[in-house]
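Have a look at the sequence and the model first, then read on.

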Amino acid sequence: MSELQTIQEDLAGLLDLFRRRLLTDRENREATAALSEQLGWMRQSMEGAVLRPLLYDLVLLADRIESVDEADTEFAKSLHAELLAVLEKYGVAPVARQDGPFDPEVQEVLSTVTTEDGGRQGEVARIVRNGYLLGDRVLRPQQVQVYMCRP
């Protein structure tokens, strides 16, 4: 066997090894992507089953603290600030207070307020309860009253 044949066989072996490695790498990337997708799905399931209801209950507690009698105002404000800090730690943020047009993405209409000013039709008249976001999803919509023109 000549030296040229030996080199050709070695090159053929290296080419085969290279192709197998490429195939293995592609399979590994696909498996990693599939595992990543499953992990994301499991996170969402856990959030829906455990975390979301817990955070919603904490939001309701924040509502109760906000409505405490004026005699205990300082204590309630302090407790409310602490509770909001805990919620923020877990990715919950209040929906930004916004005047202007009603936003169905983050707000819920509880009632209407009549007005004679046609330019205010559909604008938020009053925020009744704060809304909260969990990441980019609505945990609870901001509950508002909206202006409605008299017919």
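**Salt bridges and a buried valine**

1. There are 4 salt bridges in this structure. Keep in mind as you go through them that the model is predicted.

2. Start with Asp16 and Arg20, whose side chains form a salt bridge at 3.2 Å, N to O. Both residues belong to helix α1 (residues 3-66) and sit 4 residues apart, about one turn of the helix. Asp16 is partly exposed because its relative accessibility is 39%; Arg20, at 48%, is partly exposed too.

3. Next, look at Arg140 and Asp63, which meet in a salt bridge at 2.4 Å, N to O. This pair ties together distant parts of the chain: Arg140 is in strand β6 (residues 137-140) and Asp63 in helix α1, 77 residues apart. Are these two buried or exposed? Both Arg140 and Asp63 are buried.

4. Arg120 and Glu123 also pair up through their side chains, with 3.4 Å from N to O. Arg120 has a relative accessible area of 31%, so it counts as partly exposed, and Glu123 is partly exposed at 22%. As for shared partners, salt bridges join Asp63, Arg129 and Arg140 into one network.

5. Val95 counts as buried because its relative accessibility is 7%, below the 20% cut-off. Which residues does Val95 touch, leaving aside its neighbours within four places in sequence? They are Val106, Gly131, Tyr132, Leu133 and Gln142. With Tyr132, 37 residues away along the chain, the C-alpha separation is 5.1 Å.

Technical notes. Residues numbered from 1 in each chain as written. Predicted model: local features only at pLDDT ≥ 70, side-chain atom pairs only at ≥ 80, totals over all residues. Heavy atoms only, no water. Buried < 20%, exposed > 50% of the residue type's maximum accessible area, 1.4 Å probe, protein only. Contact = heavy atoms within 4.5 Å. Helix = DSSP H or I, 4+ residues; strand = E, 2+ residues; numbered from the N terminus.
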